[in-house]
Amino acid sequence: MSKAESTSRSGTDGLNVDFMRSLVKQYSELGLWTSALFWADAAAAAGSGTGTASGDDVWLLASAMLARGEYHRAAYAVTSRGLHKQHLLCLGVAMRAHLAAQEAATALALFEESDPALLEARSDQTHNRALAGVLVSQARALSSLERRDAASTALCSALRADCACVEALALLHRQTPLTHKQEIELLDSLPISSQLGAAEGALLRAAYRDRVYRHSTPPQDTNDPVSSSTEVVRARTAEAAASHARRLAASCDWAGALKALDAVDPWCAAPVRAACLVELKKSAELFAFAHTLVDAYPNSWTSWFAVGCYYYLIGKNELARRYLSKAKSLEPGAGCAWLAQGHSFAADNEHDQAMAAYFKASQLMAGSHLPPLYVGVECALLNNFTMCERFLLRAATLHSCTETGEEEGWDTIARVVKEPHVAHEAGAAAFAAGQPRAAKELWLAALQAAPEVRGESENMHPRWAATLDALGHSCRKLGQLTEALAWHERALALRPARAATYAARGLCLALLGRERDAADALHAALAKDPDDVVSLALLDAIVDRLDAALTEEEIPAFPFGPVEISLPPTPAAPGTPGAGTDHSDMSMSFELSMNND
């Protein structure tokens, strides 16, 4: 590396300050922070003949200190000179230093002390990018102080100042209460076309749409379509693979989601991978994955989230909650950790604690339909069907991005629902509430909304057998016995080993007057599960009914003919001829004549 020979501005005693600054940047890129700190200190000392270092030199110095983990030194280097009030880069590094030291209130105080004119967007995009970084730090501080609405406003401002700041959108999804409709409105309002080129803008817009529509397939963007070459580049990125895996997981294609993540790297989208392993019940793989994460990233909340998911999978819910609490302490805005904790409480039938965890998740994931869905399920388990209906309607409207106004009721849910699991749970609650007709409509809506259902049982996943059985029960309640029998037979085609389906089929056959077929179905149910009390009770009732219906003519005759028995002769008295004969073999002889006529 040769010394610069151009007419560079020199500092004290002829030192080349520009050359020293270039050393700081090069050593920073190499990760040699001690070297970067040395030359940043020298450049700050030699940068001004008046003894006051420039803001850019102090920014390099504080950045090197921050990278070395010297948080308070980095903040003091800025605040002692008052540069956080007049230099945007210095304000950003000082706020990041206090955030790293877990001093969110102090970081927010520095932001409030700065010049308001410094925090306005300008035509200079370099300034706007620095402003976006400061606003992201402000949002982190506000989120740590549980001021999530203000954090959401700061992140929206950061995106409008610099639409290429992907971190701002990622924090919006993870930490702030923004509904799906608000996310779409924000995406449409971003000045992407004015800040980026056509190809780069199309690439960024496609990536943002993937994040906004993370639970469903994004619609085609006709205003800013992605060219074929840009689409090829985007398909190669890890971001596109992670978004594809999230959509697959949302549609319950857990194996496909894992395959998409494996194509990137073993650590991509760790929460999604952990959830997929839980659903597939791969405890050994989840244990290895969580162990690897803890070894590699012990200070990351995703590592301890994976550990908590493992203990939840193997049924140790107390340990699961312990590690999930550690994940929440590292990232208070991790809504999925609250969801998992709610699942662990629900598995222990602790419904109140489960609902409290789901309510907290709903605050952190305001745009997700999952927290109100699980709250509705817990309300149904507690027989509070009024609240269950409200929360399930909330889940349906969040997923479909529709407004129902003052309308309520199961029929409203059936009209707006587009998520099959919400429709299935709403149908189960409506059936338990004594509304079999509404339950049937909801379960039919669940089948229509299922992504892989095409109306034929060979194209359906076995998990929908429960919905088919439920449709059979609702039809039976409505007196539609033939249709109910057809639904149960379709469920058997998907999952032949389920005893409850055979029992339900036997009940339908009995109600149709086909007692002998019903008995055969119940025998098949008991062959699958000998302890099925429903099948035993039904079979006893059907057998009694069959016995009572038999007449004397229908009672089958004994299949054997009459038996003729010939007794041996009486033994002679003692002293008579033959009295000494051995009669030890006293067995009787039988002569059976089989009458076949």
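Colleague: Let's start with R211: is this residue buried or exposed?

Modeller: R211 counts as buried, with a relative accessibility of 16%. Buried means under 20% relative accessible area, exposed means over 50%, and partly exposed lies in between, using a 1.4 Å probe and protein chains only. Bear in mind that this is a predicted model, where local features need pLDDT of at least 70, side-chain atom pairs count only at pLDDT 80 or more, and totals for chains, interfaces and linings use all residues. Residues are numbered from 1 along each chain as its sequence is written, and side-chain values use heavy atoms, with hydrogens and water left out.

Colleague: Thanks! Which residue does R211 meet in a salt bridge?

Modeller: The general idea comes first: side chains of opposite charge can pair when their charged atoms come close. The cut-off for a salt bridge is a side-chain nitrogen of Lys or Arg within 4 Å of a carboxyl oxygen of Asp or Glu. Here R211 pairs with E239, at 2.9 Å from N to O. R211 belongs to helix α12 (residues 198-212) and E239 to helix α14 (residues 238-250), so the bridge ties together parts that are 28 residues apart in sequence. Helices are DSSP runs of H or I with at least four residues, numbered from the N terminus. E239 is partly exposed, at 26% relative accessible area.

Colleague: How many salt bridges does the structure hold?

Modeller: There are 18 salt bridges. One of them joins D469 and R498, whose closest N and O atoms are 2.8 Å apart. D469 sits in helix α27 (residues 465-477) and R498 in the loop between α28 (481-494) and α29 (499-511), so this pair links parts that are 29 residues apart in sequence. D469 is buried at 4%, while R498 is partly exposed at 31%.

Colleague: And how far apart in helix α19 are R321 and E318?

Modeller: They are 3 residues apart in helix α19 (residues 317-330), about one helical turn. R321 is buried at 8%, whereas E318 is exposed at 53%.

Colleague: Which residues are linked in a network of salt bridges?

Modeller: D18, R21 and D57 form such a network.

Colleague: Finally, which residues does T412 contact, leaving aside neighbours within four places in sequence?

Modeller: Contact means heavy atoms within 4.5 Å. With those neighbours set aside, T412 touches L393, T404 and E407. T412 lies in helix α24 (residues 410-416) and is buried, with a relative accessible area of 6%.

Note on methods. Helix = DSSP H or I, 4+ residues; strand = E, 2+ residues; numbered from the N terminus.
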